[in-house]
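Reader: I have a model open and want to read it feature by feature. Where do we start?

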Amino acid sequence: MLRREFLRHSALAAASAVVARRAAAAPSANVPAAPTGPVTTPDGVRWDKAPCRFCGTGCHVRVGVKDGRIVAIQGEPSADVNKGLLCMKGYHVGAILYGPDRLTVPQLRRNGRLEPIGWEEAIDLLARRVMANPAGFAVYGSGQWTIPEGYAMQKLMKAGLANNHLEPNARLCMASAVTGYLSVYGVDEPAGCYDDLDAADVVILWGNNPAEMHPVLFSRIIDRRTRGEAVTLIDLGTRRTRSTAYADRYLEFRPQSDLAIANGIAHLLLARGTWDRAFVDQHCHFRQDTDPVSLLGRPMTFEEYRAALAPYTPDRVAQLSGLAVADIEYLADLFGNRDLRICSLWCMGMNQHTRGTAINRLVHGIHLLSGHWGRPGDAPTSLTGQPSACGTVREVGTLCHALPGGLVVANAEHRAECEDLWNLPRGRINPTPGYHTVQLWEKFCTPTADGGDIHTVFVQVTNPGQSLPDLARTFQGKKGLEDKFLVVSDVYPTATTELADLVLPAAMWVEKNGIYGNSERRTQQWFKQVDPPGQARPDVWITLALARRLFELGHPGMRDRDGEFLFRFRDEAGREVPAWEWEHFYAINVDRALYEEYRPFTFHKHKHVAPYDELVRACGLRWPVVEQADGTFRETPFRFMEFSDPFVRRGAGVQFYHSVTKDDRALIWFNPYEPATEEPDADFPFWLCTGRVLEHWHTGSMTLRVPQLRAAMPNAYLEMHPADAAALGLRQGDVATLETRRGRLDLPVWLEGRAHPPRGTVFVPFFDPHLPINELTLGDYCPISKEPDYKKCAARVQRRAASRAAAPAGPVTVAAMPG
Amino acid sequence: MPETFRAPPSLVHSSLVLSLAADAPTRAAALAALQSRSDLELGRVSGRWVPALLSSFDPLGACRDIEAIDGVEHVEVVFVTLPETANAAPS
């Protein structure tokens, strides 16, 4: 049988197996056993597991490799997360390795041109830049870093260079979720898990579009409905999306007024007496902000809380939000009904918000106030966009203020604990937080003479040249600053490599070993399955090589308390292995060594991640993963709940054992509605919202290389209401000029596409490097999380070019746009 | 990034799980429409679900077309083969 025929048969068999499992009387039974290792099928295809490269859902896939190349991808049937399914991006996850312009050699910019150099020269050059001014060196990493990659850089910077200028691109997507969880529960990350979606009676989408952005999770809801289960889906949003089509109710609100809506629900719960007094009395305190605002705020009495909510009557909230009074009352009715199990989901709509911490706190607060907490299906859950924003950024702590395991640089006890774990001299770790993302890039893109004290930035696995807000100010200012040095490690040329001085070719996904952590606290491991092209190498090797070169050049921080190199590796016989030398890198499993070194850091806040060897055997495990008396390891689906969490005191039921107030209680916050920092006015009458599309991952650097995805969505567009378009004399396919106070961009107009903004709102996706919408977005950020608001700023639209003769039905191409 | 990539058309085989309407007549009509597609091979129907093998040069477009069929409520992907031809060099 030809391989192609065998794969066709395998494909249909796989789908048939998924259908059979669904149709079974007990779908949770007969789950296939987890893979025990790579398997080679009769057609010579070798199959091995890996989490998907894309979003924070963390689907597990089987990767089929033959002759050194990926030939097929299958949803892993035994995986709890995706139960054998892929999504439309996962469809093409294998193809992202094979774009024709992969970066394959290190390159140095000389006389304006990138020229090939060797790895030794590249690493030496970077190391000497760092040695010349270690305090002026910064690293910008990623929620797409593997856990070992992030941990290696964390150690290099904070344990080695005593430098806290380490920031992730997840500052732009998850920071408000982090500060929300920290200020409510005293510890980060969701307490619930995806199982909540299987138990909820009501799912409320707070400004997110999971039908396109987390499709496999959304499929769980659809699948339950197909079985005949009653699941009420409420879409609370600022524009109709693909998710709206499945919703029982679509509640459209004015941007920023989610703050008022949340307060309105809490107001009614109190006014009607439908809040859960017993739960609140036992498990919660009330909290309010200080002035200026702060992460942990100050206490508030119940009467003060009630008084603060008094103005948020249904009429007032309706006036602020545009919702009908009946809709606000409907939401309060739901939360006031303890017979229902309610799951709130959110993503960028709440996190990319100038009051992102506040709205996160408020939604947690509604759940706590109403007692919709502590049972499967009752959960406030922030979904993540990147595959390891949780596992790497939030857990390893690759943030300017953080240490691994939820510890922070500003806390002397935390520093001492990390110094002991890292075998460092006392006082090595710098207690002053570094620059957060927006500050970091401002400092880099400001002349040194004007206070721009960051001289070298090393970017790994991300594309800030396209993803930073207010791009001209925060990134393109680097042009002309000859003394500044930008190093980029990536897999394809991007807007960031275009400005880079040194470009390093990186291995991606199954071209290297890796570990990710997804949205539900699930840590997932994979092995290298194919070779990277040319001289591309894993980011973790690049970091180790840099550290070693710094050691050779005499940087004192590269030595531990005993004077030994910070990064030491031994093989199974106990012999030292110089893994920073490329020829020895795969002599041992560097991932395993770094991960096992990292694991003890996770115990401090009871985030025990599983041993590496347990991850190898599983399709991920949800921490805390605790060793049992019989030597097995058990994961924790639900945190702080006695029935699931081994660290909850017996008899407690629910115990927030890392609470801010140190008394096992969570905090219900009051935060007021505040207008957006930039709202439409007479000059700029539209709201501009930006975001993603189904076909493309973030800035498109990978997915635009896949011909099918590029053909399906070739370029960005301006999505607007047909009536607004008509009023401006715009038709489908016309070119419009979109302008904000920061820039302008010509875009093709797309009317009646898959999403439908209301009048007065326009939407532009950010995946297109030729139409960089972030030149127009706002750099304002939440004062606590420092996360920018990509969802709201003021814009105006004008017609630019002549109308086209034909109006295409789908996404409009820019191929024929005039010059 | 190069302005355009012109890849030769490549046939992609993928398998899907299709969720169909609850009511029998609509479901039957949907099945008939699915069976009439030359790019689709249906497996055994179980309740409201049917597995299918899609062979298409434009799988995303095909999935959108399939989901637009009256009576098809949801399309999910299970398995995909990569095109055998490498991506073409940029023009």
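Author: With burial. A residue counts as buried when its relative accessible area is under 20%. Keep in mind that this is a predicted model.

Reader: Which residues of E16(A) are buried on one side, and which on the other?

Author: On one side they are Thr456(A), Phe458(A) and Gln460(A). On the other they are Val457(A) and Val459(A). Both faces of E16(A) are therefore covered, since under 20% counts as buried. The strand spans residues 456–460 of chain A, and five of its five residues are buried.

Reader: Which strands pair with E16(A), and in what sense?

Author: Pairing is read from bridges: at least two are needed between two strands. Strand E7 of chain A, residues 137–141, pairs with E16(A) in the parallel sense over four bridges. Within that pairing, Val457(A) is the bridge partner of Ala138(A). Strand E17 of chain A, residues 485–490, also pairs with E16(A); there the sense is parallel, over five bridges. Here Phe458(A) stands opposite Val487(A).

Reader: Now a case with an antiparallel pairing. How many bridges link E27(A) and E28(A)?

Author: Six bridges link them, in the antiparallel sense. E27(A) covers residues 735–740, and E28(A) covers residues 743–750. A hairpin through two residues joins the two strands. Val735(A) stands opposite Pro748(A) in this pairing. E28(A) also runs parallel to strand E26 of chain A, residues 718–720, with two bridges between them. There Leu718(A) has Val749(A) as its bridge partner.

Reader: Let me try a single residue. Is Thr761(A) buried or exposed?

Author: Compare its value with the cut-off. Thr761(A) has 5% relative accessibility, so Thr761(A) counts as buried. Thr761(A) is found in strand E29 of chain A, residues 761–765. Next, list its neighbours, leaving out residues up to four places away in sequence. Thr761(A) then touches Phe686(A), Trp687(A), Glu719(A), Met720(A), His721(A) and Asp724(A).

Reader: And how should I class Asp23(B) by accessibility?

Author: The partly exposed class lies between the buried limit of 20% and the exposed limit of 50%. Asp23(B) has 38% relative accessibility, so Asp23(B) counts as partly exposed. Asp23(B) lies in the loop between E1 and helix H1 of chain B. Its side chain joins that of Thr26(B) in a polar contact of 2.5 Å. Look along the chain too: Gly71(B) is 48 residues apart from Asp23(B), yet their C-alpha atoms are separated by 8.8 Å.

Reader: On to the interface. How many residues of each chain are in contact?

Author: Begin with counts, then area, then specific pairs. In contact are 48 residues of chain B and 54 residues of chain A. The area buried between the two chains is about 4300 Å², with carbon and sulfur atoms giving 63% of that area.

Reader: What polar links does the interface hold?

Author: Four salt bridges are found across the interface. One of them joins the side chains of Arg242(A) and Glu67(B), at 2.2 Å from N to O. There are also 15 residue pairs in polar contact across the interface. On the chain B side, strands E1, E3 and E4 and helix H2 each supply at least two residues. By class, that side has 28 nonpolar, twelve polar and eight charged residues.

Notes. Residues are numbered from 1 along each chain as its sequence is written. Chains are lettered from A and ligands numbered from 1 in the order in which they are written. This is a predicted model: local features need pLDDT of at least 70, side-chain atom pairs count only at pLDDT 80 or more; totals for chains, interfaces and linings use all residues. Side-chain values use heavy atoms; hydrogens and water are left out. Buried means under 20% relative accessible area, exposed over 50%, partly exposed in between (1.4 Å probe, protein chains only). Contact means heavy atoms within 4.5 Å. Buried area is the accessible area (1.4 Å probe) that two parts lose on being put together, summed over both. A polar contact is a pair of N or O atoms within 3.5 Å; within protein, one must be able to donate a hydrogen and the other to accept it, and residues adjacent in sequence count only if both atoms are side-chain atoms. Ala, Val, Leu, Ile, Met, Phe, Trp, Tyr, Cys and Pro count as nonpolar, Asp, Glu, Lys and Arg as charged, and the others, Gly among them, as polar.
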